[in-house]
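Welcome, and thanks for opening the viewer. Keep your selection tool at hand, and let's walk through this model one stop at a time.

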Amino acid sequence: MEQAYPAFQWSNPTRVVFGVGELSRLAPLLDDLAGSKARVFLVTGRRSLQARGILRRVIESLGDGRVHLFDQATPFPSPDLADRALAECRGAGADVVLAIGGGSAIDVGKAVAVLAAHQGTAREFAMRQKALVRPGLPFVAVPTTSGSSSEVTASAALWDMEARRSMALVSPLMFPKLAIVDPELAMSMPMALAAATGMDAFTSAFECFWSLEAGPVSDALALEVIRLFNAHLERSCIQADLESRTYCALAATMSGIAYSNSRPNACHAVGSPLTLFWGVAHGQAVGVTLASFLRWTAPAMPHKLPALWSALGVRDLDGAVARITQVMRRCGLETRLSGLGLTASDMDLLLEHIRWDRLEMLPRPLERADARQLLEGLL
Ligand SMILES: [Fe+2]
């Protein structure tokens with residue numbers, strides 16, 4: 001038999017600065033990147049940062065006169081919101097874009113940074129009517145949740161909730177130049193947010209691991225992400241202590257680095273319509289099918305399973321499914337579609353809107369009938 005040796009590509013150019021208290025180094029790190037006179041376009045959500053005094057601290061450390069604040073980022077940001085932010089960024093004459101917040105704020109900032117070097121609307125680029133061809137403004141991401149992983153990935157998700165569709169700007173030109181991951185910022189996440197965001201990154205690591213795009217580097221990272229969340233996610237949700245929050249922040253960032261080279265697939269393909277049509281939080285929406293897709297993909301990767309079981313601290317597939325279910329329940333997450341309000345009569349709509357293009361990287365092909373059976377089994 002012919003021996004198969006590793007053959008793969010790997011790239012992730014984002015400089016990551018990780019550690020408790022590292023946000024205090026923001027000003028010198030940003031000056032390093034863009035110069036001490038650089039004008040900063042700062043993107044955040046509406047309330048959370050202000051409430052905790054972090055925003056004031058950040059603006060003071062950078063110097064008031066050089067920061068233009070855009071604090072209108074919302075969950076499920078629309079292309080129009082990105083356009084409004086872009087217009088403000090241009091008006092401010094910014095030299096660098098900084099986003100501090102959850103995945104939505106970071107995605108808006110990331111979109112603004114690259115679009116600043118292009119003519120056209122966010123929708124035109126997200127719908128592939130126009131192509132991203134040149135680097136934008138340097139972009140710095142500071143996450144305050146642990147799970148979007150957007151601080152180390154090359155895409156920005158945008159949502160048209162009225163038309164019930166999601167879209168994304170995607171380009172290697174969009175990798176943040178710098179990610180400052182300070183676990184202290186994740187300390188104020190309420191349990192539901194810690195659970196949903198953690199589940200997003202936990203699930204993405206499995207998808208990354210079983211994908212046909214996986215390689216030795218992404219595998220090593222994904223296994224460590226799974227080991228870390230397996231050890232710390234429950235405590236991060238229930239006790240919310242600094243140690244467990246720190247390891248979940250680490251796992252979330254490592255998950256993004258892993259899946260920036262081996263993209264999320266099946267769970268995200270089903271999660272998208274669950275969010276758009278049933279309003280399910282993203283992490284919950286992708287997590288609800290994790291155990292079922294692990295059952296589906298496991299027979300296609302027998303050589304990879306011992307390492308996966310070891311990362312989860314289990315002996316076999318049944319043990320892995322039981323452990324995933326246990327983690328989710330302890331974190332207050334639903335493990336069945338019925339728990340999210342779906343019934344048998346919803347299956348046609350759900351199947352119709354699965355992102356089938358995302359399923360191409362599954363190691364075991366999934367036909368529509370297979371998908372129906374798998375999802376009905378989750379009612
Ligand atoms: Fe996700």
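## Stop one: helix 12 and helix 14

Start by selecting residues 290–297, which are helix 12, and residues 317–330, which are helix 14: their axes come within 9 Å and cross at roughly 165 degrees. Before you go further, keep in mind that this is a predicted model. Helix 12 and helix 14 are therefore roughly antiparallel to each other, and their crossing is right-handed.

Now show side chains. On helix 12, pick Leu290, Ala291, Leu294 and Arg295; on helix 14, pick Leu317, Ala320, Val321, Ile324 and Thr325, and you have the residues that make this contact. Colour them by class and you will find seven nonpolar, one polar and one charged in the contact of helix 12 with helix 14.

## Stop two: helix 7 and helix 8

Next, select residues 191–210 for helix 7 and residues 216–238 for helix 8. At what angle do the axes of helix 7 and helix 8 cross? They cross at roughly 155 degrees and come within 9 Å. Any angle over 145 degrees counts as roughly antiparallel, so helix 7 is roughly antiparallel to helix 8. This crossing is left-handed.

For the helix 7 side of the contact, select Met191, Ala194, Ala195, Gly198, Ala201, Phe202, Ala205, Phe206, Cys208 and Phe209. Facing them from helix 8 are Ser218, Asp219, Ala222, Leu223, Val225, Ile226, Phe229, Leu233, Ser236 and Cys237. The residues of this contact between helix 7 and helix 8 split into 16 nonpolar, three polar and one charged.

## Stop three: helix 1 and helix 3

Move to residues 26–34, helix 1, and residues 54–62, helix 3, which pack at an angle of about 50 degrees with their axes 9 Å apart. Helix 1 and helix 3 are therefore oblique to each other, and the crossing is right-handed. Select Leu26, Ala27 and Leu30 on helix 1, then Val58, Ser61 and Leu62 on helix 3, to display the contact. Its residues comprise five nonpolar, one polar and no charged.

Hide the helices for a moment and look at the strands. Six of them form an open sheet with parallel pairing, in the order 1-8-5-4-2-3. Which strands stand at the edges? They are strand 1 and strand 3 (67–73), each with a single partner strand, so one side of each has no neighbour in the sheet. On average, neighbouring strands here are turned by 15 degrees against each other, direction ignored.

Zoom in on strand 1 and strand 8, which pair in the parallel sense over four bridges. Pick Phe18 and look across to strand 8, where Val181 is its bridge partner.

## Stop five: the hairpin

Select strand 6, residues 155–160, and strand 7; this pair runs in the antiparallel sense over six bridges. Ala156 stands opposite Leu169 in strand 7. Strand 6 and strand 7 form a hairpin with four residues between them.

## Stop six: two domains

Finally, zoom out and colour the protein by its two domains, domain 1 (15–186) and domain 2 (191–376). The C-alpha centres of domain 1 and domain 2 lie 26 Å apart. Where they touch, 19 residues come from domain 1 and 22 residues from domain 2.

Which elements give two or more residues to the side of domain 1 that touches domain 2? Select strand 1 (15–18), strand 7 (165–170) and strand 8 (178–181).

Technical notes: Residues are numbered from 1 along each chain as its sequence is written. This is a predicted model: local features need pLDDT of at least 70, side-chain atom pairs count only at pLDDT 80 or more; totals for chains, interfaces and linings use all residues. Axes are lines fitted to C-alpha atoms, for helices over the stretch in contact, and angles run from 0 to 180 degrees between N-to-C directions. Angles under 35 degrees count as roughly parallel, over 145 as roughly antiparallel, 65 to 115 as roughly perpendicular and the rest as oblique. A crossing is left-handed if the near helix is turned anticlockwise from the far one by less than a right angle, and right-handed if clockwise. Two residues are in contact if their C-beta atoms, placed from the backbone, lie within 7 Å. Ala, Val, Leu, Ile, Met, Phe, Trp, Tyr, Cys and Pro count as nonpolar, Asp, Glu, Lys and Arg as charged, and the others, Gly among them, as polar. Domain bounds come from an automatic or database domain assignment. Two strands pair if DSSP finds at least two bridges between them.
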